[in-house]
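Please look over the sequence and the structure shown here before reading on. The paragraphs below it go through the structure step by step.

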Amino acid sequence: MLGLFNTLGLGARALQANQLGVEVTGQNLANSSNAAYSRQRVTLATSTAMQTTLGMQGTGVQATSIQQVRDALLDGQMRDESSVTGYWNSQQSSLQNAQGQLGEYLNINGTNSASDAQGLSDRLNNLFNSFQGLSTSPTSISQRQNVIGQAQALASGLNDASTKLSSLNDSLNSSVTDSVTQANQLLTQIANLNDQIAKASLSGGTANDLTDTRQQALESLAGLVNIQTNTNSDGTVDVSVGGTQLVAGNKTLDSLQSYDPGNGQMQVRTTTGGTPLTLTGGSIQGTIDARDGALKTLRDGLDTLASSLATQVNGVYSSGYDLNGGTGAAFFTGNTAGTIAVNTALAADPSLLQASGVSGATGDNTVALALAKLGTQSVAALGNKTFSGAFAAQVGSFGFALSNANSEVANQGAVTTMLKNQRDSVSGVSIEEEVANLMLFQQAYSASSKIISTADQMLQTVIALKT
Amino acid sequence: MRIAGTSYTQAMTGQINVLAGRQNQLQSQASSGQSITAPSDNPAGMTQALGLQTDQANVTQYAQNVTTLQNHTNLMSSALQQLKTISDRVSELATQSDSLTSPSALKANAAETTQLIQNAVQIMNTKDGDQYLFGGTVSDKAPYVATTDASGNVTGVTYQGNTSVNASEIGQNSSVTVDVPGENTTGSGARGVITDSRSGADFFNHMISLQNHLLAGDTTSINTVDQPALAKDSDNIIYQISSIGAVQTRLDVAASSASSQQTSLSTSLNTVAGADLAQTITQLTQAENAYQIAMQTSSSILQLRSSLLASLP
């Protein structure tokens with residue numbers, strides 16, 4: 001027999017074990033809306049049996065550990081998918097921003113008149129059509145003013161687009177730097193968490209909440225850069241980026257650094273080693289790829305368009321004669337999207353527009369007509385497309401890049417949702433389940449308290465025998 | 001499979017967001033009447049639509065060119081008709097004078113001929129805006145200048161223009177020349193209205209000759225020299241009127257063609273970028289219904305959970 005006092009101990013241990021069950025259940029319920037939380041459960045085991053005259057007799061129950069329910073494989077997959085999600089989200093965000101800055105939107109119900117012109121496509125059309133109008137009335141001051149006005153509108157449109165896209169480029173560079181800073185903070189945090197988790201492991205316990213926090217930090221880091229991890233026996237996690245180990249246990253071996261390789265476009269390398277990193281995922285690489293890919297192609301395309309426009313127009317225009325017999329001036333100055341402008345002298349005096357191709361014949365329209373025909377001619381520097389055709393192709397190409405990013409974000413959203421559901425089915429808190437557990441532990445606690453009260457009454461009976 | 005609380009709410013929120021996004025997209029299409037607004041909506045369609053809009057803009061400009069040229073040719077036709085009237089009157093004076101013997105009557109006809117010359121110079125210096133109709137491509141000076149003697153008789157009319165004429169585009173790879181010079185003695189190119197070596201016309205000089213013969217009372221020269229010469233001038237003017245008429249017909253055809261092209265391009269553009277409103281509204285209604293149902297079912301499930309928690313002792 002255990003004896004009454006051992007029976008009291010049995011009851012006490014039962015109370016403690018079930019109270020711990022209630023506490024852990026309470027912890028689960030409190031974190032039921034915390035997406036980063038992995039549910040915990042109390043592991044109960046029969047307490048050590050006692051040798052009695054009747055043989056080994058059980059001494060009740062004890063809590064042996066509080067276990068976290070999580071799947072390491074799913075955790076790893078979530079980190080990997082966080083990188084992919086971060087990559088495509090940053091691509092989509094960057095390119096959506098660029099689309100807005102470019103400002104090329106379709107309006108099929110407009111009248112295509114000068115007053116409706118908004119985008120660069122409309123402005124290109126209006127320029128060449130203004131040359132057409134001039135060719136029917138070469139000496140008309142109003143037609144000349146129209147040509148100059150349309151040219152100024154196109155030039156300012158190109159300038160504006162160039163400035164905005166350049167500003168976006170700068171913002172993306174800043175974003176890379178900011179994200180690298182954030183990544184370094186997370187690396188430090190992970191190393192610190194590793195240290196705390198290792199200490200808890202040494203003392204024989206488990207740091208479940210710290211593990212949750214570390215997993216959240218790892219996923220956040222993976223969203224920034226694609227990481228490779230290795231879990232050690234002491235529970236710490238080593239972290240590598242681009243093949244370079246940055247965190248080993250509780251130590252931060254190196255950090256990330258953003259730097260300018262000389263072309264003004266920020267890249268990433270290790271701070272101490274100075275090794276340029278080839279990142280394969282994460283929002284940092286997504287930003288870099290958007291900046292150096294579709295955005296750069298768009299900016300270069302606008303510069304080529306402006307350069308070709310200035311070259312082709314000036315080539316025809318300079319041979320023409322103005323109303324005063326003057327010749328040889330340029331129509332456009334500058335040769336990039338950011339610098340192209342209408343010759344200031346021309347802008348101030350429409351009579352200086354060199355529309356005639358014959359000296360002394362101000363009514364001749366040869367140059368005006370040739371300028372108009374430039375709008376329908378293929379240009380070698382533009383891939384043998386017309387100016388409008390080349391720009392439309394640039395817009396379409398950019399649209400493909402953003403459309404692709406949108407599709408990838410949508411697909412990745414579905415993949416991530418599926419993985420989260422899978423992980424939540426293992427680690428997530430089910431309120432219904434926890435409520436049932438709560439009731440279970442509560443009933444067991446009540447039953448356990450009866451053991452104590454019964455043993456207590458029996459003790460009093462025994463004591464009363466002596467009095 | 002276990003359903004955790006967070007996975008349920010995440011799925012519910014995700015689905016509602018998708019439905020809300022879909023509604024937003026369809027509402028935008030319905031209100032704008034377009035299936036493509038931004039390049040990312042349909043990149044290939046956007047490229048195609050921009051190309052069609054360029055074609056539309058070009059056709060619109062060609063139509064405007066036609067209108068400008070139609071106005072120009074109307075002015076030219078009117079001027080030529082007035083010139084024809086002068087030509088007819090001058091020929092009438094020449095015929096009439098052939099049988100006149102009274103010096104005063106001949107001098108009266110001479111005075112009227114002088115006046116007709118001045119009128120003809122005025123007509124030939126007609127402008128369309130700031131552009132002379134009959135000066136070729138010279139626009140900074142009037143095509144004709146008349147010189148007179150002390151008695152007011154015209155001694156000469158000088159042409160200050162040239163023989164060049166402009167071509168103007170009225171369609172893709174289609175151009176037309178509407179201008180005619182006042183004078184062309186080169187034997188090639190557009191025929192001159194007043195002076196032309198191919199037709200033998202030299203209207204001003206022929207009228208001056210008639211004026212002088214009338215002043216001199218030389219009815220023989222009027223009969224043998226002036227009348228045949230003025231007949232060539234009349235034929236040349238009739239030719240010019242007929243030519244302008246042909247150009248005007250061609251401009252009318254070009255205007256009609258441009259209108260047809262605009263209609264065709266609008267149809268093509270709507271096919272590429274327009275929204276099928278019936279389909280869009282149907283899809284929008286479906287999305288709205290799905291959204292409402294999702295909200296209602298989510299609310300029901302949350303209420304059930306609340307009931308469960310309320311049942312705890």
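The model is predicted, and its local features are described where pLDDT is at least 70. Chain A contains 10 helices and 12 strands. The extents of its C-alpha trace along the principal axes are about 140 × 50 × 30 Å. Of the 467 residues in chain A, 42% are buried. Contacts in chain A between residues at least 6 apart in sequence are made up, for 69%, of pairs at least 24 apart.

Chain B has six helices and nine strands. For its 313 residues, a compact globule would have a radius of gyration near 20 Å, whereas chain B has 38 Å. Its C-alpha trace covers about 140 × 35 × 30 Å along the principal axes. In chain B, 39% of the residues count as buried. Taking the contacts of chain B with a separation of 6 or more, 67% are between residues 24 or more positions apart.

Chain A can also be read through its domain assignment. Domain 1 takes in residues 4-69 together with 430-466, and domain 2 takes in 77-415. The centres of domain 1 of chain A and domain 2 of chain A, taken over C-alpha atoms, are separated by 64 Å. Where the two domains of chain A touch, seven residues of domain 1 are in contact with five residues of domain 2. On the domain 1 side, strand β4 of chain A, residues 61-68, gives the most, with three residues. That side of domain 1 holds three nonpolar residues, four polar residues and no charged ones.

The next step is the place where the two chains meet. Here 51 residues of chain A are in contact with 55 residues of chain B. On the chain A side, at least two residues each are supplied by α3 (120-136), α8 (366-373), α9 (387-427) and α10 (431-466). Which element gives the most to the side of chain A that touches chain B? The answer is α9(A), with 17 residues. By residue type, the side of chain A that touches chain B divides into 17 nonpolar, 29 polar and five charged residues.

Now to the interior. In soluble globular proteins, nonpolar side chains tend to be buried together. In this model the largest nonpolar core has 96 residues. Those with the most contacts inside this core include Leu158(A), Leu187(A), Leu221(A) and, from the other chain, Ala49(B). Helix α4 of chain A, residues 141-202, contributes the largest share of this core, 19 residues. Leaving out residues up to four places away in sequence, Leu187(A) touches Leu221(A), Val239(A), Leu246(A), Val247(A), Thr252(A) and Ser255(A). There is also a second, separate core of 48 residues, and among its members are Leu80(B), Ala110(B), Ile237(B) and Val247(B).

Leu221(A) also belongs to α5(A), where it is one of the buried residues. Helix α5 of chain A covers residues 208-224. At 1.5 Å a residue, its 17 residues should span 24 Å, and its end C-alpha atoms are 25 Å apart, which agrees. This helix is mostly covered, as 12 of its 17 residues are buried.

Helix α1 of chain B, residues 5-32, has 28 residues and should span 40 Å at 1.5 Å a residue; the distance between its end C-alpha atoms is 41 Å, which agrees. Its buried residues are Gly5(B), Thr6(B), Ser7(B), Leu19(B), Leu26(B) and Gln29(B). Gly33(B) follows α1(B) and has a positive phi, near 75 degrees.

One residue of chain A remains, Leu8(A), which lies in helix α1 of chain A, residues 4-30. From Leu8(A) to Leu246(A) the separation is 238 residues in sequence and 55 Å in space, C-alpha to C-alpha.

Key. Residues numbered from 1 in each chain as written. Chains lettered and ligands numbered in written order. Predicted model: local features only at pLDDT ≥ 70, side-chain atom pairs only at ≥ 80, totals over all residues. Helix = DSSP H or I, 4+ residues; strand = E, 2+ residues; numbered from the N terminus. Nonpolar A, V, L, I, M, F, W, Y, C, P; charged D, E, K, R; others polar. Domains from an automatic or database assignment. Rg over C-alpha atoms; globule rule 2.2 N^0.38 Å. Buried ≥ 20, exposed ≤ 12 C-beta atoms within 10 Å, placed from the backbone. Core = buried A, V, L, I, M, F, W, Y, C linked by C-beta atoms within 7 Å. Expected span 1.5 Å × (residues − 1).
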